[in-house]
Each structure stands twice: as C-alpha cells, then as structure tokens.
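Hello,

Here is the structure I promised to pass on to you. Have a look through it first, and then read on for what turned up.

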Amino acid sequence: MVGAASAAMFATLVVATQVYGLLPVALALPATLAVGALTTALAVRWAGRAVGGIGLLGGLLSPVLVGASPSSLTIAVLGLTAACATWVVVRTGWGWLGLASGVACMPQWGAWLLSGQSVAGDLAVLAFFAVLGLAGAIGVQVRSKEERLRAPAAALATLSALSAALIGWVGLDEVSGAPMADTWLAV
C-alpha cells in the first residue's frame, strides 16, 4: 500500500503541475523531493522491495502514465525521483532497482534531450543521469563485498554509459555539430 501510495503521490504532483497547472513549479519540486525522500527512507528502513519497486519505479513512470508532455519540469521530477531510487540502490545493493530505474528513465530523458534543447541543458541532463547510473553501479558492487564484478553492477554501468554516450552523441550533433558530439562520445 505504501508503494502504491507513493507512486500515486508522484503522479498527482505531475498532473497537478504539468497537466492542469494547479500547482506552481516552485512548490512541485520541493513536494516531489519530500515524497521521494519519504519513499526512500521507508524503502531503506523497512527493506521494502515493494516500496522501492512500486513507489519509486511508479514515480519514475508517472510522467508517462499520466500523459504529461516532456518538459523541463518532468525532467526535474524524473531526476529527483531517480536520485531517490539511486540512493536506495546504494544503501541496499538492489541491482534490480538500479537497472529498472535506468530502463524507466532513459527513454524519457532521451526523448526530451532529442527534442532540441540547449547545449547546456543537454550536457546537464546527460551528466546527471550518467553520474546516477555510475553511482548506482558502484553502490551495488560495494554492497556485495565481492571482489569480482557483479553482473547487476556491470549491467547498470554499461546501460548508463551507453545510453548517455549514444543519446548525447545524437543530441549534441543536432544542436551544436559534430565536434561537440564527438567530444562527448570520447568523454
């Protein structure tokens, strides 16, 4: 119930702000952070896979599920929710949540980025989600206390690096030309 309620709160915030314009962005983002922090705390404290899975993954999918158009607000909500999910991954070592978060986020931020944003916005979003993926992969590996690389950590790092590299390469090529895109791909 807590996981479903958390996902519903994320969806309510997106709908109230993005679809109906009832809630200003200045209130929506702190409210999203509060819901994400509470969901994160409950998932970690209760070791609640249902809270993490349903609540945080539902929050990540809420812009798509409520039909909100990709915008800076939906990307900000996605980023805050992804950061909360990554914190749970780092604290618990749940590689499945990291992979599911990456798969849920990547098409959304990728579509937004490819819709023609500024170079600064592109770079900020690319770097943010790449760092989240890497942090999740490191967290999964460190929590396992194994010396050899765990499959979920390797998969999460690979998914994060490939999605950031390829989407960044295509998006930056459209916005700023080949030199910037090639530099991004090299990095």
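At what angle do the axes of helix α3 and helix α5 cross? Before the answer, please keep in mind that this is a predicted model.

The axes of α3 (residues 49-65) and α5 (residues 95-114) cross at roughly 5° and come within 9 Å. Angles under 35 degrees count as roughly parallel, so α3 is roughly parallel to α5. On the α3 side, the contact is made by Arg49, Gly52, Gly53, Leu57, Leu60, Leu61, Pro63 and Val64. Their partners on α5 are Trp96, Leu97, Ala100, Ser101, Ala104, Cys105 and Gln108. By type, the residues of this contact are 10 nonpolar, four polar and one charged.

The next pair to look at is α1 (residues 2-19) with α2 (residues 25-45). These helices pack at an angle of about 170°, and their axes are 10 Å apart. Angles over 145 degrees count as roughly antiparallel, and α1 and α2 are therefore roughly antiparallel to each other. Helix α1 brings Val2, Ser6, Met9, Phe10, Leu13 and Thr17 to the contact, while the residues from α2 include Val25, Ala28, Val35 and Leu42. Here the division is nine nonpolar, five polar and no charged.

Finally, do turn the model to find a nonpolar patch on the surface, formed by Leu114, Leu162, Leu166, Trp169, Val170 and Leu185. Together these residues have about 510 Å² of accessible area. Helix α7 (residues 151-176) gives the largest share of the patch, with four residues; Leu166 has its place in that helix.

Enjoy exploring!

Best wishes

How values were computed: Residues numbered from 1 in each chain as written. Predicted model: local features only at pLDDT ≥ 70, side-chain atom pairs only at ≥ 80, totals over all residues. Heavy atoms only, no water. Axes fitted to C-alpha atoms, helices over the stretch in contact; angles between N-to-C directions. Helix = DSSP H or I, 4+ residues; strand = E, 2+ residues; numbered from the N terminus. Parallel < 35°, antiparallel > 145°, perpendicular 65-115°, else oblique. Contact = heavy atoms within 4.5 Å. Nonpolar A, V, L, I, M, F, W, Y, C, P; charged D, E, K, R; others polar. Patch = residues over 30% accessible without salt bridge, like charges linked within 9 Å, V, L, I, M, F, W, Y side chains within 5 Å. Areas by Shrake-Rupley, 256 points an atom, 1.4 Å probe, with all protein chains shown as cover. Salt bridge = Lys/Arg side-chain N within 4 Å of Asp/Glu carboxyl O.
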